[in-house]
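I'd like to walk you through one model, helix by helix and then loop by loop. Please have a look at it while I talk.

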Amino acid sequence: MEISTVGIVGAGQMGNGIAHVFALSGYQVLLNDISQEGLEKALATIRKNLDRQVSKEKISQADLDATMGRITTTLALEDLGQCDLVIEAATEREEIKNAIFEKLQPHLKPATILTSNTSSISITRLASRTDRPEKFMGFHFMNPVPVMQLVELIRGIATDDETYQALLKVVESLGKVAASAEDFPGFIVNRILIPMINEAVYTLYEGVGSVTSIDQSLKLGANQPMGPLELADFIGLDTCLAIMNVLYDGLADTKYRPCPLLTKYVEAGWLGRKSKRGFYDYRGETPVPTR
């Protein structure tokens, strides 16, 4: 199963990062989004990140030019139908993902592998809504994609071995490392990481520590590069809440109950870096804790 063309649905933080690494590795990439502005912003972000790699002498200027030349954009979802591999990287909401797959599948080649970059939603359930559950997998990249080495590969109950082996080779071709995860809520990384963030929010909610003291404690006491509240802002508080809800609903255990303070921040539209406010206020020159 040879894969040379890759379609990516969603040009946001994850989608443009995935496009970056595939194009840099020699794949032809077709990047789709619902707005032209989103596509233009994605291309600008990819170029900026490639420029950074050139300045650090990790790639050459020729590599940058060739990479940008391999990326094409489109507003028409059906254009992705002729790709060998399609990666859905849209908002972490199941109904949105299902709508994308429903609209896309009439245009897919019979051999096309369909994947989702979901960080927590059941792969078996998503696959069951398509015409190719045996060629459907979870393909979960870590953020920021050009930097992080891990890719979680999640097989649904119907995924065949040929599809799994094909994606394993793709991960290797990107210079990344694959970790196979069973199809349980949150898979491996987020099953462990997001509850830790949620517990940090509870620590703030209960007044055990301030935003600064919680983040400093984990950075200096546990040698984490980012504090849990800083990391939550980076991921997006809406994404953290969505994953916690998936864990809570899917595992039926009260230890996964989302912290009410996390819910309140999301309801206020304070989603972290992308909205300029979360556990930190990013509207000034330096981030300032909001509590």
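Let me begin with a definition: the expected span of a helix is 1.5 Å times one less than its number of residues. What you have on screen is a predicted model.

With that in hand, let's take helix H6, residues 161–173. H6 has 13 residues and reaches 18 Å from its first C-alpha to its last, close to the 18 Å expected. Which residues of H6 are buried? They are Thr163, Tyr164, Ala166, Leu167, Val170 and Val171. These cover an arc of only 165° around the axis, which puts them on the same side of H6. On the face turned away from that buried side, you'll find the exposed residues Lys169 and Glu172. As a reminder, an α-helix has 3.6 residues a turn, so residues three or four places apart point the same way.

What do the buried residues of H6 pack against? The partners are H1, strand S4 (85–88), strand S5 (113–116), S6, S7 and strand S8 (177–181). Once you leave the helix, look for Gly175: H6 is followed by this glycine, whose phi is positive, near 75°.

Next, strand S6, where Phe141 lies. Is Phe141 buried or exposed? At 1% relative accessibility, Phe141 counts as buried, because the cut-off for buried is under 20%. Leaving aside neighbours within four places in sequence, Phe141 is in contact with Met14, Ile18, Phe22, Asn117, Leu150, Val151, Leu174 and Lys176. To give you a sense of scale, the C-alpha atoms of Phe141 and Ser55, 86 residues apart along the chain, are separated by 25 Å.

Stay in that region for a moment. A cis peptide bond joins Asn143 and Pro144, with omega about 0°. Pro144 lies in the loop between strand S6 (136–141) and strand S7 (150–155). For context, most residues other than glycine have a negative phi, and most peptide bonds are trans.

Glu57 is not a glycine, and yet its phi is positive, about 60°. You can find Glu57 in the loop between helix H2 (36–55) and helix H3 (61–69), and it is exposed, with a relative accessible area of 71%. Lys276 is another non-glycine with a positive phi, about 75°. Lys276 sits in the loop between H11 and strand S9 (280–281), and with a relative accessible area of 47% it is partly exposed.

While we are in the loops, where is Gly26? Its place is between helix H1 (13–24) and strand S2 (28–32). Gly26 is partly exposed, at a relative accessible area of 41%. From Gly26 to Ala66 there are 40 residues in sequence, and 8.5 Å in space, C-alpha to C-alpha.

Helix H10 covers residues 237–251, and its 15 residues should span 21 Å at 1.5 Å a residue; the end C-alpha atoms are 21 Å apart, which agrees. Buried in H10 are Leu237, Cys240, Leu241, Ile243, Met244 and Leu247. Seen down the axis, these fall within an arc of 165°, so they line one face of the helix. They pack against helix H7 (189–205), helix H9 (228–235) and helix H11 (260–267). Just after H10, Ala252 takes a positive phi of about 50°.

And H11 itself? Its buried residues are Leu261, Leu262 and Tyr265. They cover an arc of only 105° around the axis, which puts them on the same side of H11. On the other side, Lys264 and Glu267 are exposed. The buried residues of H11 pack against H7 and H10. Just after H11 comes Gly269, with a positive phi of about 80°.

That's my tour, and I'm happy to take questions.

How values were computed:
Residues numbered from 1 in each chain as written. Predicted model: local features only at pLDDT ≥ 70, side-chain atom pairs only at ≥ 80, totals over all residues. Heavy atoms only, no water. Helix = DSSP H or I, 4+ residues; strand = E, 2+ residues; numbered from the N terminus. Buried < 20%, exposed > 50% of the residue type's maximum accessible area, 1.4 Å probe, protein only. Arc of directions from axis to C-beta. Contact = heavy atoms within 4.5 Å.
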